[in-house]
Amino acid sequence: MAGWMDNIAEVDLSSDEVRFWNLGAEEREKFIGGRGIGAKLLYQNLEPGIDALGQDNILIISVGPLTGTPAPTSGRYVVSTKSPLTGTIFDANSGGFFATKFKACGVDALILKRAARSPVIIYMTEKDIQILDGSEYWTRSTSETTDLLTQRFGKDSKVACIGQAGENLVRIAGIVNDYHRIAARGGVGAVMGAKKIKAIVAKGTAKIEVADRDNFLFVVRECNRIFDQHPITSKALPRFGTTVLVNLMNELGVLPAKNFRSTFHQEAELLSGEEITKRLLLRQKACFGCKIACGRVTKLGQTEGEGPEYETVFALGSCCLIWDLEKVTKANYLCDDLGLDTISMGVTIGCAMELSERRLLPEGIEWGNADKMIGLLTKTAHREGIGNDLAEGSKRLAQKYGAEDAAMQVKGLELPGYDPRGAKGQGLAYATSNRGACHLRSYMVGLEILGVPKRIDRFSEVNKAGLVVFQQNLNSAMDTLVACRFTGYGLDEEHYSRMLSAATGVKYSAEDFMFVGERIWNLEKLFNLREGFDGQTDTLPSRFLSEPLQEGPTKGQTVELESMLEEYYRFRGWDEKGRPVRRTLERLGLS
């Protein structure tokens, strides 16, 4: 078979039973791979109301038909589960090289059910899966675990593992592969820890076939030429990485600081991509199949690592009023080793700093105290002292100490590094995201701030809903391939559908591709509805709705969400309470 491996692997960890089965051509073509297959399997296999950290949840690792091919950025995989942080359907994805070895084991997806009695590792080769004792790796960091498993199984194997945060069921724990790539958000690492899986080792050798190789390579060359010509993918990201955004976001009053209470600080330039390049950068690094090479290999003292990325310098830096680049970089390395999501970790610490300032927290956590912040990372990963509260995420932390307004989250997921008062379409995207506050579901910042492909008024709420819906559908479909979001700087649905068609031999038009994305979005919405997430949860923290910024370029702005939300529901074909109507579900084949 071309593109797909035509195999789903299912592991019952309570009985060590492994079986392989086929999804079927119709379902495969409707949901493609990656995020789509994950959503389909979660909806089919999970009963409403199950405990995300209990026996009944499942963890799905999946790839797409472009994974491991010459397609741009084709080294990504998706982790799907019910989130222990949000309670919503959830997927997180990661780049690097793990995905290619995973797919070369002859599978499109791995479903992990129930839980092992003691720590295990999952060892995968071509169409063979072994469940091995993992006790000797438990309590080790992600880098130690990766070192030991690579030594044991060979340098041609790739490892995805959890750190101490996942082992201790920290709700903001991720899954780390290739040392510094991480499926970070939503607590997917905690689900892996609850199942007692320390690591998945993939050592596949199967070749990935494409249906029409000549046409496929022609489209790939066309895509790569576009990347060579686009200023963001050819210059900005390769030269400065994602932190190229720091100065721009600060100058426009969009870079969140002090737990989203301000958005403009002169010190922000100390965390910029320019400073990282000047003071810490060793070299660029690219994931499998990527020409963009946005990764930063950096060195701090005698320690070499990767990053920090834009989201990290915001969350562990400006959000906490910490402007020390070296301390933020040290925190970034530590989060990778512990297996922590830097966005949720930093925003949760920012929440704790505000609670401390308001004298609601029993422990003093001062703004700008970098050493305190770094210490809290280890305490969180081990659930020690106040770290046990931080391990629950900002929503539960703020609820416990009686100040829910201090938690900058949507549906329990902490906001990324763009204040929606300075990009109001992004505010709508946060509010309607089916996994909680997320810039990857719809990156309206591209239109409102970067002007890609065209700049629109960032302070207006008019005509934003249709653009948000379009991006959400497109990004859902991209996550089935699985393609990096940065390919969207130049490529459109036509390019993706042409690569998909040539790879699989199944004809997808651009409209077909977008239709798949819309179907996935609505299926995820149905999952969330049966978990109790209705239109009341499609909102933002009150800070953005009723507290205007007091200074800077975004002074006086709030988010007028209600009118945008009403228009959004109409575009979606949902009722006024945010529920898909029957004709919409029938049109999408979800009735």
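Begin by selecting Cys351, which is buried, with a relative accessible area of 0%. Before going further, keep in mind that this is a predicted model. If you display the cysteine sulfurs, you will find that the one closest to the sulfur of Cys351 belongs to Cys319 and lies 9.2 Å away, too far for a bond. The structure as a whole holds 0 disulfides. Cys335 is likewise in no disulfide, and the nearest cysteine sulfur to it, that of Cys320, is 11 Å away. Cys335 is also buried, at a relative accessible area of 0%.

**Helix H12**

Next, select residues 325-338, which form helix H12, a run of 14 residues. From its first C-alpha to its last H12 reaches 20 Å, close to the 20 Å expected at 1.5 Å a residue. Colouring by accessibility will pick out the buried residues of H12, which are Leu325, Val328, Thr329, Ala331, Asn332, Tyr333, Cys335, Asp336 and Leu338. Zoom in on the start of H12, where a side-chain oxygen of Asp324 comes to within 3.1 Å of the backbone nitrogen of Glu326. Then move to the residue that follows H12, Gly339, where phi is positive, near 80 degrees.

**H12 against H14**

To see where the two helices meet, show Lys327, Lys330, Ala331, Leu334, Cys335 and Leu338 from H12, together with Ala370, Asp371, Met373, Ile374, Leu377, Thr378 and Ala381 from H14.

**H20 against H21**

For another helix pair, select H20, residues 493-504, and H21, residues 510-530, whose axes come within 8 Å and cross at roughly 95 degrees. H20 and H21 are therefore roughly perpendicular to each other. Glu493, Glu494, Tyr496, Ser497 and Leu500 of H20 make the contact with Ala510, Phe513 and Met514 of H21.

**Val410 in strand S16**

Now centre the view on Val410, which lies in strand S16, residues 409-410, and counts as buried at 2% relative accessibility. Leaving aside residues up to four places away in sequence, Val410 touches Leu415, Tyr430, Ala431, Gly436, Ala437, Thr537, Thr539, Leu540 and Pro541.

**Cis peptide bonds**

Two stops concern the backbone. The peptide bond from Gly307 to Pro308 is cis, with omega near 10 degrees, and Pro308 sits in the loop between strand S15 (303-306) and helix H11 (310-315). A cis peptide bond also joins Leu481 and Val482, with omega about 5 degrees; Val482 is found in the loop between helix H19 (465-478) and H20.

**Positive phi away from glycine**

Finally, select Ile32, a residue other than glycine with a positive phi, near 70 degrees. Ile32 lies in the loop between helix H1 (25-31) and helix H2 (34-45), and at 1% relative accessibility Ile32 counts as buried. End the tour at Asp178, which has a positive phi of about 55 degrees although it is not a glycine. Asp178 is placed in the loop between strand S10 (175-177) and strand S11 (181-183), where Asp178 is buried, with a relative accessible area of 12%.

Note on methods. Residues numbered from 1 in each chain as written. Heavy atoms only, no water. Disulfide = S-S within 2.5 Å. Buried < 20%, exposed > 50% of the residue type's maximum accessible area, 1.4 Å probe, protein only. Helix = DSSP H or I, 4+ residues; strand = E, 2+ residues; numbered from the N terminus. Expected span 1.5 Å × (residues − 1). Polar contact = N/O pair within 3.5 Å; in protein donor to acceptor, adjacent residues only side chain to side chain. Contact = heavy atoms within 4.5 Å. Axes fitted to C-alpha atoms, helices over the stretch in contact; angles between N-to-C directions. Parallel < 35°, antiparallel > 145°, perpendicular 65-115°, else oblique.
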